[in-house]
Each structure stands twice: as C-alpha cells, then as structure tokens.
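Here is a short briefing on contacts between side chains. Look over the sequence and the model, then read on.

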Amino acid sequence: MPQGALIMLVLRVLRTGPLHGYAIAQRIRHLSDAVLQAEEGSLYPTLQRMLLEGWVRAEWGISESNRRVRFYRLTPAGRKQLKRELDEYQQISAAIQAILRTA
Amino acid sequence: MGKLFRRIHHLVNRKRLERELEEEMAAHREMMPAERRNSFGNALHFHDESRDLWGWLWIDHLRQDLIYAARGFTRDRRFTFSALIAITLAVGAATAVFSVVDRSLFRPLPYAHGDRLVSVGLIMPLFGPGEYMFLGAYREWRTTQSALDLTAWNGVGACDLSGEAPARLNCARVEAGFLPTLGVRPLLGRNFTVEEDQPGAEPVAVVSYSLWRTHFGGDAAAIGRKIDLDGVSTRIVGVLPADFETPDLTPADLLIPQKFPLTNARNYPLSAVGRLRAGQTPGSAAAALAAPLERFRQDFATRVGADFAKSMWLHVEPLRDRQNRQYRLALWVLLGAVSAFVLIACANVANLLLARSAGRRHEFAIRASLGAARHRLIAQLLTESCLLGLIGGAAGCTLAWGLLRAFVAIAPDATLRMRDAAIDGRVLTFALLLSLGTALIFGLAPSVDRLRSESLTGARAAGYRRSWIRQSLIAGQLAVSLVLLAGAGLLLMSLWRLQNAPLGLNRERVVTATFTLPAYRYAKDATQINFFNALESRLNDVPGAIATAITDSLPPAPGPRTAPYWRLANPTGSVTSPDMSGSVGWRYVSVGYFEALGIAIRRGRAFTDADRAHGLRNVVINESLARRLVGDGDPIGKRLGGNTVIGVAADVRNAGLDRPAQVEYYQVRKADREGIAGSDDFAWPRRGTAIVRSNLSQHEAEESLRVAIRQIDPAVPIKLESMQARLDTFLVRPRFQTTLLLMFALMGLALAGIGLYGLISFLVAERTREIGVRIALGATPREIAGLVVTDGIRWTVVGAVLGIAGSVLLLRVLQGLLYDVKSLDPRVFAAAIAILFAVAFLAAWVPAHRAAKTDPAIALRHD
C-alpha cells in the first residue's frame with residue numbers, strides 16, 4: 001500500500017478517537033473486511049512522518065491488555081489534512097469512475 | 001516553522017525517541033498473533049527509515065565517517081603527518097600572502113563605489129616625472145564637462161598641534177567637495193562647508209578617527225572644541241570614519257580646508273580626483289576632457305611656452321591603479337609565487353592520497369561487497385578529505401598569523417601597506433575555501449577514478465597506470481619548483497647587485513637628523529634662518545666630528561626643488577627644441593656637504609665659506625649635468641642660468657637606489673634668504689637634515705646631534721637615522737620580495753623532493769621481487785642503485801625541461817623588479833637546474849641505496 005493511502009487511512013481511523021499502533025492496524029484490517037493490510041513495518045515510519053508533519057500527537061498510555069503503548073490522537077491540522085485528502089480522493093475516484101463508465 | 005522546530009526537537013531528543021519507537025514496536029509485536037509475528041519485518045530497517053524521516057540520518061553517517069576517518073588517520077600516521085604538513089604550509093603561505101595583497105589588489109576601496117573614482121593629472125615630460133594639475137585648469141574642467149565630478153586636494157603635510165599636548169601631526173588640505181566626492185560621510189559631526197573653504201573663513205578641521213581616540217578620548221564632545229593648529233585656533237567640526245584613507249594612502253590626522261586663492265592662481269598646483277558619472281569609463285572621461293584640455297593647452301602655450309604645452313597629455317586612471325602603481329607588479333609576483341607553491345603542495349597531497357589509496361583498495365572492495373553503496377564510499381572519501389583540509393586549514397591559519405608577523409618584521413615600511421594587513425573574516429574565508437578546495441579537488445579526483453575500477457579481484461590491475469599519474473605529478477612539481485627557484489635566483493642576484501651598487505657616496509659612520517621646524521614657532525623667515533645658522537655653528541662643535549653639514553634633502557631621494565633645464569642652459573632664449581626638455585633637481589646644502597657624505601669632486605672645487613658671500617651665485621653640478629651641458633668639455637666657469645659652475649661632483653644616486661643618477665646641481669646654503677627659490681612643498685624652508693661624519697659610535701653621534709638641536713630649541717621634533725639605515729629602507733621591498741620568493745622556492749623544492757622520495761620508495765617496494773631476481777641473477781648493488789636513480793633522474797629531466805619552458809614564458813614578468821639582471825640570466829638558470837638535480841639525486845639515492853641492499857632470499861618470498 002502506498003504511503004499516501006496509508007496516511008489517509010490512518011487519519012480516517014483516528015477521526016473517531018485516539019488509538020495505539022496495533023489498534024490502528026487492526027482497525028484498518030477490520031474496516032476493510034481484511035482486504036487492506038497495514039503492514040506493521042510501514043505503519044511506524046508513516047506514524048513518525050505524521051508526527052513530524054504535526055497531523056497527530058502521541059501520548060503514552062495503558063492498552064486494554066495492560067501494556068504500555070503509545071496512543072495517537074488527531075490534531076486540528078490532521079483533521080484539516082484528512083478533509084483535504086478525502087476531497088482529493090473523492091475527485092480522483094469520481095474521475096476514474098467516469099472514465100471507466102465511458103471507456 | 002513548526003516542522004523545523006519538531007525536527008530540531010527530534011535531533012535533541014533522538015536517544016529517547018529511538019527508545020520509545022523500539023518499545024512501541026516491541027509491544028506491537030507482542031500483541032500480534034504468534035503466527036504472524038514474523039511478518040513484522042526488519043525492525044532495524046524501520047528504525048533507519050524513521051530516522052531518515054526525522055531528517056538526521058546523514059548526521060549519523062557523518063559521525064560514522066568521521067570516526068572512521070580519524071581512526072584511519074591515526075593508523076596511517078606517516079601519511080596523515082605528511083599530508084597535514086603540506087596542506088598547512090600551502091594554506092599558511094597562501095593566506096599570509098593573501099592578507100598582504102588583498103587590501104591593495106582586491107578589497108573594495110573604503111569609498112562609496114570606489115571603483116568609479118579616478119585620478120586625473122597632466123603628464124608633462126618637460127617638467128619631469130609625476131603628474132601635475134593646476135587650479136586654473138581644474139576650475140574650468142570642473143564645470144565644462146559632464147563625464148565626471150572633480151574634486152581637489154593638496155596632499156598631506158606636517159602640521160603642529162600646540163597647546164597642552166603638543167604633537168607633530170599630518171594635515172591633508174582638501175576642498176569642501178572632497179569628502180562628498182569620495183563618498184565618505186563623517187562618523188560624527190559634519191564636513192566643512194564651501195563657505196568655510198574660502199580664504200579668510202574661520203579655521204575648521206575634520207579629525208581622523210585615531211586622532212579622535214588618542215587626543216580626544218573618543219568623546220563626542222570633541223565636536224566644536226578648539227585646538228591650536230600651527231598657532232591658529234581651529235574648531236573641530238567632524239570625525240572621519242575609522243577606515244578612511246587619503247587617495248594617495250598617506251596617513252592624515254586632520255583634514256583642513258584647502259582655501260584656494262580666488263584670483264591670480266592659475267598655476268597653483270593641486271591633485272585632482274574624479275568620480276565617474278553613470279556609464280562613464282576612464283577612457284570616455286578623458287575624451288570628455290579633450291576639449292577643455294585643448295583650451296588649457298593654448299592658454300598654457302602663451303603663458304609658459306609652446307613646447308611645454310605641446311608635450312603635455314592627460315592621464316585618467318582608476319584610483320586603485322594609481323595607488324598601486326609602484327608595487328602592483330611585486331604583489332602579483334608574490335601571489336603568483338605562492339600559487340605555484342600551493343600547486344606543489346597540492347600535488348604532494350594528491351600523491352600521498354594516491355599512494356594511500358593503493359593500500360586501501362582491499363578495504364574498499366570489502367566494504368563495497370558488504371553492501372556499502374557507492375555514494376556512501378564517496379561520502380567517506382569526501383569526509384576524509386574535508387577533515388584533512390579543515391585540520392590543515394586551521395593549522396595553516398595559525399601559520400599565516402605567524403608568517404604575517406614575520407612579514408611585518410621584515411618589511412615594516414608602509415609601501416606594501418603591511419601594517420594594515422590582518423587575518424580578518426575575509427582572509428579566513430579565503431583560507432577556508434582554499435583548504436576545502438585543495439582537499440576536495442586533489443583528494444577526491446584520484447579517488448573517484450579509483451572507485452570506478454575497484455573490485456576484489458583486480459588487486460594489481462590499476463597499479464601501473466596510477467604510478468603513471470604519480471610520475472606526471474612529480475615531474476610537474478619539479479617543473480614548478482624550477483620556475484620558482486629560477487625566479488628567486490633572479491631576485492637574489494638583483495638584490496645583491498642593488499646592495500653593492502656604487503652610490504657615489506660613502507655611507508660609513510654617517511648619522512643624520514631630519515627635522516621640520518614647527519610652523520607656529522617659525523612662521524617668519526628670520527626665525528628660520530636664525531635656527532639654521534645656530535645649528536651650523538653647533539654642528540662645528542660636535543666632538544669627534546670629521547665633517548658636518550646641513551642639507552634640505554638626502555640621496556638617494558631626489559632634491560626637493562627643480563628648475564626647467566632650458567632656464568639653466570638657455571636662459572635668454574625660449575624653449576625651442578626637444579633637447580631643452582626636462583627639469584633639473586637641486587639641493588640646498590651647506591659648505592661641508594660633499595665632505596660629510598664623502599662625495600668626490602671630479603673637476604673644479606667644492607664649496608668654501610667664500611662662496612657664501614652675498615651676491616655670489618656659485619653652484620656645483622653633478623657629472624650627468626656636466627655631460628648634458630658640455631659633453632666631454634670643461635664646464636667650470638660656465639653659466640647655469642644666473643649661476644656660475646665652480647665644480648663637478650661625482651654622480652650620486654638621486655632617483656632611488658635602482659635608477660641611474662639624474663641631472664642635478666647644488667646651491668650653497670647662505671646665512672640669509674638670498675638665492676632660495678620656491679618649491680611645491682610649502683614647508684620646505686622649515687625642513688632640513690643635519691649630517692655628521694665622525695669617529696664616534698653611532699649612538700654617541702646620534703646623542704650629540706640630538707643635544708645640538710635640543711640646545712637651540714627643544715620643541716623641534718627630530719628623526720635620527722644612520723646613513724646605512726636610511727639606505728636600507730630603500731632595500732626593504734626588494735629584500736622582502738626576495739625573501740618570500742626564496743622561501744616559497746625552497747619549501748616547494750623540499751616538498752617536491754619529498755614527493756620524489758616517496759614515489760621512488762613506493763616503486764622500489766613494488767619492484768622488490770624484480771630487484772630480488774636481478775640480484776639473484778648477479779646484478780651488483782651499484783647496478784641496482786643505478787636502476788632506481790635513473791628512474792628518478794628521468795622524471796627530473798622531464799620536469800627540468802618543462803620548468804625551463806615555463807620559466808622562459810613566465811619569468812619575463814619579473815623584469816620590472818630586476819636591477820641590472822636580465823630575466824633569462826643563464827648563470828641563474830644553470831644554478832637553479834643544478835640545485836634541482838642535486839635535490840632529485842638525493843631524493844632518489846636514499847631509496848636506491850636501500851634497494852641495493854635487498855636480500856634476494858627475502859625479496860623472492862615477498863608477495
């Protein structure tokens with residue numbers, strides 16, 4: 001999965017509330033009915049990048065299974081970014097569908 | 001901005017962040033179902049990726065490379081030491097020389113748009129050397145053309161600050177428009193106004209920054225204060241910026257209004273400086289001045305003489321060129337010499353790196369096969385080169401600082417502006433660029449070539465080709481060394497000739513005291529005459545004196561006053577023919593002058609007290625003037641203008657040490673004002689030099705001179721100097737440039753020799769096996785040594801041939817610096833070549849000797 005798409009998905013699953021890394025991967029898997037897999041390897045560099053861009057903030061907390069984990073929370077900048085990416089995605093996907101219909 | 005801030009935050013806290021990332025990923029892995037755990041992938045790689053994201057991966061790499069480089073350098077101590085020495089010497093020498101030449105050749109003048117300033121003057125061969133300008137022409141030219149804005153000043157002269165803290169100062173007389181035209185704003189206060197520049201206006205002055213600091217404590221309240229200048233109360237109106245300098249670079253403590261006379265002053269002399277208006281060049285300005293020049297020429301022809309008018313021409317020259325004219329060549333030669341030296345040193349570094357790279361082939365091949373990317377290997381080399389360059393550069397700056405002190409010690413005189421030279425930011429930038437440039441170009445170029453051909457298998461394949469590069473480098477070094485050596489030899493020979501040039505006088509045991517009577521105490525003629533008469537009688541009482549004299553000037557400087565030749569040779573006629581051209585300098589001397597300086601009288605007699613009688617006008621002429629007047633005939637009794645020739649004195653150098661004597665004559669100093677003609681220099685009647693030739697030690701002679709003058713007037717500042725010391729000041733610059741060139745030549749030769757030694761040792765090591773076979777087959781040690789030495793001599797021959805060709809091409813430029821030596825002097829060349837070969841032989845002989853002692857049994861087991 002390209003990093004751009006992964007960013008969008010992460011932003012999207014974080015919209016409902018803060019999650020830790022493993023939960024993010026799980027959520028992406030469940031929501032896509034196991035079609036999309038956020039590979040763990042690319043997830044962490046992506047999260048680092050999003051931290052750097054200021055789209056998410058990270059806080060240490062305790063997971064449901066009592067482990068020390070890092071929770072990622074969407075920032076206002078992240079919200080804005082998600083909206084931008086969704087708009088863009090909508091446009092592109094509409095365009096692609098238009099092409100597929102007429103072709 | 002926030003992103004940059006976060007990046008820096010990441011850099012500062014990287015240790016903690018990495019730990020956290022690790023912990024987080026470990027937790028993730030634990031939460032994964034056991035069967036999928038392996039799919040997590042290479043944690044180390046994700047680490048790197050994340051760190052790269054933070055943008056600081058390169059810092060890690062740099063640190064690794066630096067540690068690796070430092071480890072390598074400490075392992076190859078001999079390499080590191082040699083390379084650092086070469087870089088240090090190159091950067092040190094080049095930086096020191098740059099700091100000396102920069103101010104004169106490259107640094108912008110301390111005026112706004114200084115490149116638009118020009119000096120404007122008339123060349124008048126019939127008057128003698130130098131440039132002239134007159135108030136009449138200047139006034140008209142200023143208003144009748146639109147190519148440039150002209151301003152005028154009248155040079156720097158001595159002036160006296162009287163009052164509580166009396167001091168001898170230097171005053172520049174300038175026009176009100178002088179500072180604005182130069183584009184200089186006073187640091188404090190203001191420039192003087194046009195009204196204050198009128199005759200009769202209240203005296204005002206602008207003080208230099210250093211005078212303001214030393215005499216007024218840098219206090220802003222100095223503005224408006226009154227000082228006593230040459231006995232006149234003068235108000236300070238402004239302070240000059242610290243970097244101010246006069247157009248001819250003479251130091252000035254004060255600027256005072258020129259106050260040009262308003263009428264009857266067309267021939268009043270001055271110096272003109274112009275600022276080119278937009279789009280103008282010196283050439284176009286000269287063209288714009290052509291019409292006004294013609295008008296002036298016609299006017300001058302009717303007033304002074306047609307020949308004078310006809311032969312004059314206008315000279316417009318950028319101000320910087322005018323300032324540097326005397327020593328530009330010397331500075332460029334120094335710069336050229338130090339560049340040549342830097343080349344030699346760089347070739348040495350390149351050679352060392354090539355030799356080192358031969359030993360590191362294996363190491364790099366292993367690193368490459370372990371997965372090091374090509375760019376990482378190049379980065380490693382870059383890091384090593386930069387590290388070498390920076391360490392060498394830092395050491396070089398220290399060396400430059402020391403060298404600069406040595407330069408100032410050798411040549412403290414102001415002509416090279418050595419006192420101004422300093423290691424400042426500009427010079428340090430130069431040093432930094434130079435050291436990095438050297439290290440990169442010479443360190444990386446051969447290395448890149450190596451990376452291309454490297455592999456684990458071809459361990460020996462590139463060996464021969466590389467030593468071919470190294471041989472060319474050595475030949476080049478030897479060639480450049482020869483050029484430097486020959487150049488230094490020429491300067492050395494010239495200096496020797498100059499030092500031993502017959503001056504026409506005897507400098508032994510002669511001590512002089514030069515003084516200018518303060519204007520505020522000696523404004524009247526009578527007081528001046530009284531001082532000189534008193535001095536003359538006191539000099540006669542100096543114990544141990546063999547001869548004493550008073551003069552207005554000392555050779556080898558010219559006499560301060562001149563007369564047109566035609567007025568002396570043909571006073572009744574007008575200037576009609578070219579053989580009447582030129583001017584004759586003259587000196588105003590007391591009776592004992594010739595005896596005191598040991599100047600021989602060739603014909604007739606020297607002055608006696610009888611010649612001082614009122615109404616007599618007897619003169620002594622020099623041999624050159626005698627030749628010009630009467631050829632081989634007898635000039636005694638001839639008329640010279642209104643004078644009578646009574647003797648012919650031997651020629652004495654009077655236009656500097658390095659120029660043949662010019663025509664001149666001597667007038668005897670009288671007890672009154674009779675017979676004193678004017679001079680361009682307003683202070684000349686108050687200026688004089690007392691000369692004593694004695695059996696005393698120099699110190700005693702100086703003391704007795706000091707006492708003699710102090711007893712007449714303790715307020716007269718004097719400068720004591722032995723004749724030898726005075727002559728030495730004329731040798732300062734030749735000595736300086738010779739010393740430097742010799743230093744660069746010898747250091748260059750040493751480096752080239754060391755390079756040659758290194759290369760031959762390297763080749764001998766490569767050929768150990770071959771040499772072993774030869775010895776085993778019966779070659780004598782002598783033959784082996786010959787084999788090795790021949791190799792070295794072969795490159796030396798190539799280097800010498802290239803060097804001779806280069807010398808023939810390049811050393812021509814030295815001609816302007818040489819005295820009585822041709823730039824292609826065969827003796828100098830022979831000596832330089834001999835030295836080169838001697839050094840080359842020595843460098844080859846040591847490894848050859850070692851090779852000859854090779855034990856074949858060991859050599860054959862050599863890999």
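Which residue forms a salt bridge with Glu623(B)? The partner is Arg602(B), and the closest N and O atoms are 3.4 Å apart. This is a predicted model, where local features need pLDDT of at least 70, side-chain atom pairs count only at pLDDT 80 or more, and totals for chains, interfaces and linings use all residues. Residues are numbered from 1 along each chain as its sequence is written, chains are lettered from A and ligands numbered from 1 in the order in which they are written, and side-chain values use heavy atoms, with hydrogens and water left out.

**Salt bridges**

- Side chains of opposite charge can pair when their charged atoms come close.
- A salt bridge is a side-chain nitrogen of Lys or Arg within 4 Å of a carboxyl oxygen of Asp or Glu.
- By this rule, there are 41 salt bridges over all chains.
- Glu623(B) lies in helix α20 (residues 623-630) of chain B, and Arg602(B) lies in strand β16 (residues 601-604) of chain B. They are 21 residues apart, so the pair links distant parts of the chain. Helices (H or I, at least four residues) and strands (E, at least two) are DSSP runs, numbered from the N terminus.
- Arg168(B) forms a salt bridge with Asp160(B), with 2.9 Å between the closest N and O atoms.
- Asp160(B) is buried, at a relative accessible area of 4%. Arg168(B) is partly exposed, at 28%. Buried means under 20% relative accessible area, exposed over 50%, and partly exposed in between (1.4 Å probe, protein chains only).
- Glu770(B) and Arg767(B) also meet in a salt bridge, 3.0 Å from N to O.
- Shared partners join Arg190(B), Glu196(B), Glu202(B), Lys226(B) and Arg235(B) into one salt-bridge network.

**Aromatic pairs**

- The whole structure holds 24 aromatic pairs over all chains. Rings of Phe, Tyr and Trp (its six-membered ring) pair if their centres lie within 6.5 Å; planes under 30 degrees apart count as stacked, over 60 as edge-to-face and the rest as tilted.
- One of them is the tilted pair of Trp153(B) and Phe178(B), at 5.7 Å centre to centre and 40° between the planes. Both residues are buried.
- Phe260(B) and Tyr268(B) have ring centres 5.6 Å apart and planes at 90°, so this pair is edge-to-face.

**Charges over rings**

- The charged end of Arg628(B) sits over the ring of Tyr565(B), 3.6 Å from its centre. The rule asks for NZ of Lys or CZ of Arg within 6 Å of the ring centre and within 35 degrees of the ring normal.
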